[in-house]
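Welcome! Here is a guided look at one protein structure, written for someone meeting it for the first time. Please keep the sequence and the 3D view at hand as you read.

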Amino acid sequence: MPKAAVCTAVGAPVEIMDVDLASPKAGEIRVQLGASGVCHSDLSVTNGTLPVALPVVLGHEGAGTITELGEGVDNLAVGDHIVISWVPQCGACFFCERDQGELCESGSAAAMSGGLLDMTPRFSRDGLPVFQMAASGTFTEETVIPAIGAVKIDKDFPMADAALIGCGVLTGFGAAVNTASIRKGDSVVVIGCGGVGLNTIQGAKYAGAERIIAVDMVEGKLNTAKIFGATDTINASDGDAVGKVFELTGGRGADVAFEVIGLGATIEQAFQMTRRGGQAIIVGVPSFDVTLTLMPAMDLLVQEKQIRGCWYGGSNVHTDVPKLARLYQEGTLLLDELISARITLDQVNDALANMSSGEIARSVIEYK
Ligand code: PAD
Ligand code: ZN
């Protein structure tokens with residue numbers, strides 16, 4: 001009976017409780033979690049920004065060891081170390097065949113359902129279902145996930161770093177490398193320098209951006225952004241972040257602007273900061289009632305501006321996770337620097353509260 005952090009009601013503290021975990025069905029695997037990062041999307045479930053079926057085992061940024069295989073799983077073995085993908089990717093549907101695995105037909109339906117590919121969870125309590133956030137649920141000692149949501153990594157790869165790849169790194173780095181079309185020498189602005197935005201900054205650097213402008217309201221975050229490759233920083237609390245971006249980009253605006261917070265106002269700012277012919281990429285997850293007002297339609301044509309959503313960094317997890325793991329092993333990708341605190345499952349409420357205060361890049365739960 002694994003111990004899990006469960007959101008039982010919006011606005012209530014997360015409860016640590018024992019839950020029942022059923023055996024893996026065909027095509028599923030049981031995983032002993034090694035580590036799980038705490039992402040803003042977890043906080044968004046607890047405060048209702050991201051509505052999901054409750055009660056739910058939170059967490060979707062995890063890595064662990066396979067302890068049991070369901071029927072028909074022949075590409076993985078007990079003892080394998082894996083990164084968990086919160087969009088399981090089948091590799092065979094309309095989207096996967098077009099290299100848009102983040103939109104996988106069965107995987108994305110599962111991710112939104114609170115269950116696995118058959119839309120039902122493996123957790124329960126007193127005979128009632130306890131749902132799994134994003135086809136995973138990683139704030140728990142043990143979970144069951146679809147085998148197509150597992151990507152094998154080396155056994156000596158540190159679990160905490162592996163966990164971070166599972167959401168923040170795939171999403172942030174992928175936004176810059178997969179979704180945006182950054183060219184060598186480009187100017188880029190990243191609004192929001194948390195666990196995801198810092199990875200967008202290092203992704204933009206990797207893609208060849210020359211000027212990388214980090215925008216946040218917390219000075220400590222802006223200092224961390226410099227470690228990840230920011231060349232300029234703007235503290236948004238000082239006002240007129242848009243004007244400052246124009247000053248830094250020859251009065252034109254940035255080639256690519258990323259919003260990595262999830263607020264209507266900052267999404268609109270990202271669009272304003274984008275130059276004519278440039279791209280605004282929306283990564284932050286806003287609440288469902290946010291609607292955008294961008295510009296008169298005629299200006300959109302004349303200015304040739306693009307705005308694009310970015311889900312899970314446009315990642316094909318089966319190729320991107322090994323690539324990111326290799327970049328870390330080569331010393332190109334920073335992961336250790338993302339870990340502000342190593343905590344136990346019991347400390348998850350503190351980690352969620354600290355996220356709101358803004359000083360933490362990532363808290364990582366480590367399981368014994
Ligand atoms: P985080 O809380 O670690 O970082 C958010 C950052 O934004 C913090 O550094 C804040 O200080 C900063 N911030 C807040 N308000 C403002 C403001 N008005 N102006 C400037 N800076 C501000 O979050 P995170 O990095 O874990 O996640 C960021 C978003 O990305 C969040 O909405 C999350 O749900 C989303 C996300 N999207 C995907 C996806 O697939 N698109 C995946 C994972 C996370
Ligand atoms: Zn996440």
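The sections below go from the ligands to the backbone and then to a few pairs of residues.

## Before you start

Please keep in mind that this is a predicted model. Every value quoted here was computed from it.

## Around ligand 1

Let us begin with the surroundings of ligand 1. The shell around this ligand holds 27 residues, and the closest of them are His40, Asp216, Ile261, Val283 and Tyr312. Sorted by class, the shell has 17 nonpolar residues, 7 polar ones and 3 charged ones.

Where in the protein does the shell around ligand 1 come from? Domain 1 (3-169 + 314-366) and domain 2 (181-309) each give at least three residues to the shell. Three helices each supply at least two residues as well: helix 1 (40-46), helix 4 (159-179) and helix 5 (195-206).

## Polar contacts of ligand 1

Oxygen atoms of ligand 1 take part in several polar contacts. Two of these involve the protein backbone: a polar backbone atom of Ile261 is 2.7 Å from a ligand oxygen, and a backbone N or O atom of Val285 lies 3.0 Å from an oxygen of the ligand. Arg362 takes part through its side chain, with a polar atom 2.8 Å from an oxygen of ligand 1.

How much of ligand 1 does the protein bury? Taken alone, the ligand exposes 870 Å², and the protein buries 91% of that area.

## The zinc ion

Next comes ligand 2, a zinc ion. Which protein atoms are its donors? They are SG of Cys39, NE2 of His60 and SG of Cys167, at 2.0 to 2.3 Å from the zinc ion. Along the sequence, these donor residues follow the spacing C-x20-H-x106-C.

Cys39 and His60 link distant parts of the chain, being 21 residues apart. To find Cys39, look in the loop between strand 4 (28-38) and helix 1; for His60, go to the loop between strand 5 (56-57) and strand 6 (61-69).

## Points to notice along the backbone

Leu54 and Pro55 are joined by a cis peptide bond, with omega at about -5°. Pro55 can be found in the loop between helix 1 and strand 5.

Ala134 is not a glycine, yet it has a positive phi of about 45°. Ala135 is also found in the loop between strand 9 and strand 10, and its phi is near 55°, again a positive value in a residue other than glycine.

## Separation in sequence and in space

Leu33 lies in strand 4 and counts as buried, with 3% relative accessibility. Between Leu33 and Thr67 there are 34 residues of separation in sequence, and their C-alpha atoms are 10.0 Å apart. Gly243, found in helix 7 (residues 241-248), is partly exposed at 22% relative accessibility. The C-alpha atoms of Gly243 and Met273 are separated by 8.1 Å, with the two residues 30 apart along the chain.

Two further pairs complete the tour. Pro88 sits in the loop between strand 7 (81-84) and helix 2 (94-97), where it is buried at 0% relative accessibility. From Pro88 to Thr231 the separation is 143 residues in sequence and 36 Å in space, C-alpha to C-alpha. Glu366 belongs to strand 19 (residues 362-366) and is partly exposed, with 27% relative accessibility. Glu366 and Ala53 are 313 residues apart in sequence, and 26 Å lies between their C-alpha atoms.

Notes. Residues numbered from 1 in each chain as written. Chains lettered and ligands numbered in written order. Predicted model: local features only at pLDDT ≥ 70, side-chain atom pairs only at ≥ 80, totals over all residues. Heavy atoms only, no water. Near = heavy atom within 4 Å. Polar contact = N/O pair within 3.5 Å; in protein donor to acceptor, adjacent residues only side chain to side chain. Areas by Shrake-Rupley, 256 points an atom, 1.4 Å probe, with all protein chains shown as cover. Helix = DSSP H or I, 4+ residues; strand = E, 2+ residues; numbered from the N terminus. Nonpolar A, V, L, I, M, F, W, Y, C, P; charged D, E, K, R; others polar. Domains from an automatic or database assignment. Donors = N, O, S within 2.8 Å, 3.2 Å for Na, K, Ca; no water. Buried < 20%, exposed > 50% of the residue type's maximum accessible area, 1.4 Å probe, protein only.
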